[in-house]
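Please keep both in view while reading the points below.

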Amino acid sequence: MRHTVGSNSEMVLMDKMILAGCVGLFLVGALFGIGASSGIEIERLKVVDIFAIVSTIATALAAYAAWRAAATASKQSADNAVSLRWQMYKMHRESFDDLLDNVESNLKVNFYSRHETYDAIFPNNRNVNLPFTSVGGSELESWQRSYTKLADACCRFESAGQREIERWIGDYLWLAGCMRYSTIKADEPQVRMGGWVPSGVSAENHEKIASMMWSVLHSLSKFSYMENNIGYRGMSAEFKADFQSFLRDAEIGRIEHCYK
């Protein structure tokens, strides 16, 4: 026959009460035994004395039972709170996955480590001992600030130069890595920083990746109740020209980065 957790607890409590009762009865018997062996007449133990002994034992048992009941209720309350907290996390995480599904479908990107993306935005939610929140944390604010700099850099109406293009690609690579998403596969042609690190930036996508990143970040910010006025303002002709020059240098091996 199977028992529930509650019935098991009650059985353990009952066993302890029976044990305590047996001990009490043993003490009563011991009193009579000591009285008989020492020559004290049993009759001298009045009925009221016996009732006093039994009453003391019963009081102790009742106190113990009340303490155990309170402890059990407290534990059940704590267990219920943990269960509720876990359900809140689970439902929120499922909604987050639904959001990423929609972003992937609409933008043709790939979130390759969803749990890390979630934990970066909501660092406390996985731990049931910490308060749950549906508002994003400081990491998301950092992404927003970094994207603002990225968007500013590519809309300037002045020549950027090779180092600025290099820095822009590096910043894009870092920020996409923070959000754990990619736009192209690692084995596809693209700029490889230092000659081997895939950047996700290619001749085909370099004019739209900043706009796609804004859409990704906007979706994450909206879900996290942290929308702000960041936006993509396009790519200037000067930046495009400098970027094409950078790609040519990478293709012919004139710089430390390559395109393959």
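The sulfur of Cys154 lies 5.8 Å from the closest cysteine sulfur, which belongs to Cys155. A disulfide requires two cysteine sulfur atoms within 2.5 Å, so this separation is too far for a bond. The model under discussion is a predicted one.

**Cysteines**
- A search of the whole structure finds zero disulfides.
- Cys154 counts as buried because its relative accessibility is 0%.
- Cys178 is also buried, with a relative accessible area of 10%.

**The sheet**
- Three strands form an open sheet in the order S4-S3-S5, and their pairing is antiparallel.
- Strands S4 (197–198) and S5 (258–259) stand at the edges with a single partner strand each, so one side of each has no neighbour in the sheet.
- Strand S3 (residues 191–193) is joined to S5 by two bridges, and these two strands run antiparallel.
- Arg192 has Cys258 in S5 as its bridge partner.
- Helix H5 (residues 162–179) packs on the sheet, where it touches S3 and S4, and its direction makes about 85° with that of S3.

**A pair of helices**
- The axes of helix H4 (residues 138–153) and helix H6 (residues 209–223) come within 11 Å and cross at roughly 155°.
- Angles over 145 degrees count as roughly antiparallel, and H4 and H6 are therefore described in this way.
- The crossing of H4 and H6 is left-handed.
- Residues making the contact include Leu140, Trp143 and Tyr147 of H4, and Met213, Trp214 and Leu217 of H6.

Note on methods:
Residues are numbered from 1 along each chain as its sequence is written. This is a predicted model: local features need pLDDT of at least 70, side-chain atom pairs count only at pLDDT 80 or more; totals for chains, interfaces and linings use all residues. Side-chain values use heavy atoms; hydrogens and water are left out. Two strands pair if DSSP finds at least two bridges between them. Helices (H or I, at least four residues) and strands (E, at least two) are DSSP runs, numbered from the N terminus. Contact means heavy atoms within 4.5 Å. Axes are lines fitted to C-alpha atoms, for helices over the stretch in contact, and angles run from 0 to 180 degrees between N-to-C directions. Buried means under 20% relative accessible area, exposed over 50%, partly exposed in between (1.4 Å probe, protein chains only). Angles under 35 degrees count as roughly parallel, over 145 as roughly antiparallel, 65 to 115 as roughly perpendicular and the rest as oblique. A crossing is left-handed if the near helix is turned anticlockwise from the far one by less than a right angle, and right-handed if clockwise.
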